[in-house]
Structures are given as C-alpha cells and as structure tokens.
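Student: Can we go through this one together? I'd like to look at helices first, then loops.

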Amino acid sequence: MLGKLARQQDSNVLVGFDFADDAGVYLIAPDTALVQTVDFFTPIVDDPYTFGQIAAVNALSDVYAMGGRPLSSLALVCFPDKGDLEVLERILAGGLSKMVEAGCTVIGGHSIRDEEIKFGYSVTGTIHPQRVLANRGARPGDALLFTKALGTGVISTAIKRGKAEPGWIDAAVRSMTTLNKAAAEVITDGSRGERTFAVHALTDITGFGLIGHAREMALASGVSLRLRASAVPLLAGALECVRAGYIPGGLKANREFAECLVGYDDGIPDDLRTMLFDPQTAGGLLISVAPEDAVDLERALAAAGVAAARIGEVLPEAKPLMQVSR
C-alpha cells in the first residue's frame with residue numbers, strides 16, 4: 001500500500017521499501033547510517049516469557065539481515081484492559097532478556113488496550129553506508145547458504161491445536177529464541193563491520209517463507225535462483241505437521257502468491273514443496289556469497305556455533321524465476 005502513495009524524495013534514504021528489504025537505511029553522516037525496522041505479532045506459544053523472547057529475536061533479526069548493529073528499541077504492546085498484568089510483565093521481561101543479549105537498549109515504548117495480545121519492537125541500529133547488505137546484489141554463480149531450519153509455522157499451528165509433540169516444540173522454540181547475531185557478526189567480521197567474505201546479498205526468512213523471500217532477492221537482483229529441496233534443513237516434526245494437515249493460513253497465502261514463479265524437478269514430494277512456503281518467525285539468514293568464499297564462510301559460521309547449509313546457487317535471470325531441484 002505504501003507504493004500507492006505519493007513518493008517522498010530524500011537522498012539520504014539508502015534503502016527504502018522499493019525492493020521489500022528487511023529494514024530501512026537512512027544516512028545521517030558520511031560514515032554512519034541508521035537501520036530502522038518494526039515488528040509485532042500475536043502469541044505463538046503459551047509461555048509469556050518465551051513469547052517475549054521470540055518477539056524480540058524476530059524484531060532484531062531485520063537489523064542483522066542488513067548487516068547492521070542494533071542500538072536501541074521501543075516496545076509495542078497491545079493488551080486487554082482486564083488482562084493479568086503479571087503476564088504482561090513476563091512478556092516484557094522475556095523481550096528484555098534478548099535485547100540485553102543483543103546489546104540493544106530498550107528506551108521506552110507505547111501500549112494500547114486491545115482484546116488480543118500483541119507484542120514487538122521498533123528497533124534502531126547503525127551501519128556504515130558502504131557496508132549495507134540489502135536483498136539485492138546477488139550475482140550469477142553465487143552460492144546460497146541458509147542458517148537455521150524451516151518449520152516454525154507448521155509447528156506453531158500444531159501447538160495452537162494442541163497436537164505438537166514436546167520434541168517438536170523444544171526444537172521450534174530453540175530456533176525462534178536464537179538471535180541471528182552470531183551469524184551476522186561472522187558475515188560482517190564482528191565489531192569492525194568489515195567483511196572478510198564476498199557476501200553480495202542478505203535477507204532473513206520470515207513470514208513469506210523461503211520461496212517468498214528468495215523471490216524478493218531474485219527480483220531485486222535481476223537473477224534467478226536454484227534451490228535444492230533435499231538440502232534445505234527442516235525442524236524436527238515439520239514434515240509430520242504438514243502430513244497431518246497443520247497448515248497455517250500464511251503458508252497457503254504464500255503458496256498461492258509465489259508458486260507460479262517456481263519450477264520443480266520431478267520426484268519432489270508435495271510435503272517438501274509445502275515446507276518451502278512455510279512462514280517463519282525469527283527465521284534464519286539467506287546468504288548470497290561468492291562461490292570461492294562459500295566453504296570458508298560455512299566453516300566460519302560453524303566455528304561460531306551457527307549451523308549453515310548450502311541450499312542452492314544464483315543463476316542468470318531466466319524463467320522460471322525459482323528452480324527447485326531434488
């Protein structure tokens with residue numbers, strides 16, 4: 001809808017909403033730009049503290065996906081007028097725990113009365129204007145690395161229906177409460193913000209699923225992508241959830257919107273195809289890196305405790321835009 005409004009002209013906007021990037025980037029000095037994002041949603045787990053953690057990790061992720069360092073945040077709260085304030089306190093405490101882990105200071109917030117609980121943050125970070133990692137910039141020949149694993153959408157749906165097994169819940173919560181900080185620091189070489197690896201494009205995989213966000217990278221970069229379905233990591237229980245029919249509405253919407261741009265090799269089972277559209281909460285990073293640096297980046301991520309899988313490569317622009325092989 002923003003694209004339908006009158007356009008503002010501001011030369012300090014380095015990254016806006018033209019290419020559906022993860023966050024906005026605004027120049028404030030020759031060597032400094034702000035990275036700004038906002039994200040909030042309804043509870044996806046029962047425990048208030050864990051919900052707060054997940055909301056914070058999800059909001060922080062967009063700053064990391066630009067190669068930035070989060071500095072400050074504002075809490076966004078919707079809470080019932082007669083709700084138990086101890087629940088809200090636990091939500092805020094969970095979010096704060098992850099903000100502390102990220103080195104991001106909570107400096108305020110805003111709340112309204114709402115019958116449905118919603119929580120999240122507006123996050124501001126910084127980045128050198130010459131080191132911004134947008135979702136555009138992927139080059140033919142690049143390798144595609146993916147951190148974390150898919151499945152939080154279908155497992156969250158199983159949780160809501162009371163059908164999720166404890167092991168599935170534990171794996172999904174562990175993923176959703178893990179910051180992308182370590183991965184971003186490997187990519188940007190920690191506090192110096194300089195890149196050792198030739199990373200050309202970066203995005204995080206969230207509500208539009210792997211295919212949806214990969215599509216954004218392909219369109220913004222003027223390339224096509226090939227994904228290897230068998231190489232995409234999946235959370236424990238994810239395929240079982242799909243087979244049992246625990247399909248979130250967002251997954252169905254993602255598939256209806258983007259599958260027309262996807263070509264599949266023969267023999268890829270439908271449950272695996274379905275997972276490629278699963279909407280993620282606090283998902284992993286999709287990294288487009290020069291092929292000669294891919295192995296070293298994989299090793300560096302592993303050394304930092306970040307699991308990363310090589311799931312495909314960048315191709316010259318062609319039809320279909322997204323190719324999925326076995």
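This is a predicted model: local features need pLDDT of at least 70, side-chain atom pairs count only at pLDDT 80 or more; totals for chains, interfaces and linings use all residues.

Student: Okay. At what angle do α1 and α2 cross?

Tutor: Roughly 40°. Helix α1 covers residues 48-65 and helix α2 covers residues 85-102. Their axes come within 7 Å. That angle makes α1 oblique to α2.

Student: Is the crossing left-handed or right-handed?

Tutor: Right-handed, as α1 passes α2.

Student: Which residues make the contact?

Tutor: From α1, they include P48, Y49, F51 and L60. From α2, they include V87, R90, I91 and M99. By class, the contact of α1 with α2 has twelve nonpolar, five polar and two charged residues.

Student: What about α5 and α10, how do they pack?

Tutor: At an angle of about 140°, with their axes 9 Å apart. Helix α5 is residues 181-188, and helix α10 is residues 291-303. These two are therefore oblique to each other. The crossing of α5 past α10 is right-handed.

Student: Which residues touch there?

Tutor: A183, V186 and I187 of α5 meet L297, A300 and L301 of α10. That contact has six nonpolar residues, no polar ones and no charged ones.

Student: Switching to α3. How many of its residues are buried?

Tutor: Eight of the nine, so α3 is largely enclosed by the rest of the structure. The buried ones are T152, G153, V154, I155, S156, T157, A158 and I159.

Student: What do they pack against?

Tutor: Four helices: α4 (166-176), α7 (238-243), α8 (249-258) and α9 (270-275).

Student: Pick one residue. Is V154 buried or exposed?

Tutor: Buried, because its relative accessible area is 0%, and under 20% counts as buried. Leaving out residues up to four places away in sequence, V154 touches A238, C241, V242, Y246, P248, L251, M275 and D278.

Student: And how far is V154 from R215?

Tutor: They are 61 residues apart in sequence. In space they are 21 Å apart, C-alpha to C-alpha.

Student: What comes just after α3?

Tutor: G162, which takes a positive phi of about 70°.

Student: Which residues other than glycine have a positive phi?

Tutor: K148 is one of them, with phi near 65°. K148 sits in the loop between β7 (143-147) and α3. A282 is another, with a positive phi of about 55°. A282 is in the loop between α9 and β11 (285-289).

Student: Are those two buried or exposed?

Tutor: K148 is buried, with a relative accessible area of 16%. A282 is buried too, at 1%.

Student: Last topic. What kind of peptide bond joins K319 and P320?

Tutor: A cis peptide bond, with omega about 0°. P320 lies in the loop between β12 (308-316) and β13 (322-325).

Definitions and conventions
Residues are numbered from 1 along each chain as its sequence is written. Side-chain values use heavy atoms; hydrogens and water are left out. Axes are lines fitted to C-alpha atoms, for helices over the stretch in contact, and angles run from 0 to 180 degrees between N-to-C directions. Angles under 35 degrees count as roughly parallel, over 145 as roughly antiparallel, 65 to 115 as roughly perpendicular and the rest as oblique. A crossing is left-handed if the near helix is turned anticlockwise from the far one by less than a right angle, and right-handed if clockwise. Contact means heavy atoms within 4.5 Å. Ala, Val, Leu, Ile, Met, Phe, Trp, Tyr, Cys and Pro count as nonpolar, Asp, Glu, Lys and Arg as charged, and the others, Gly among them, as polar. Buried means under 20% relative accessible area, exposed over 50%, partly exposed in between (1.4 Å probe, protein chains only).
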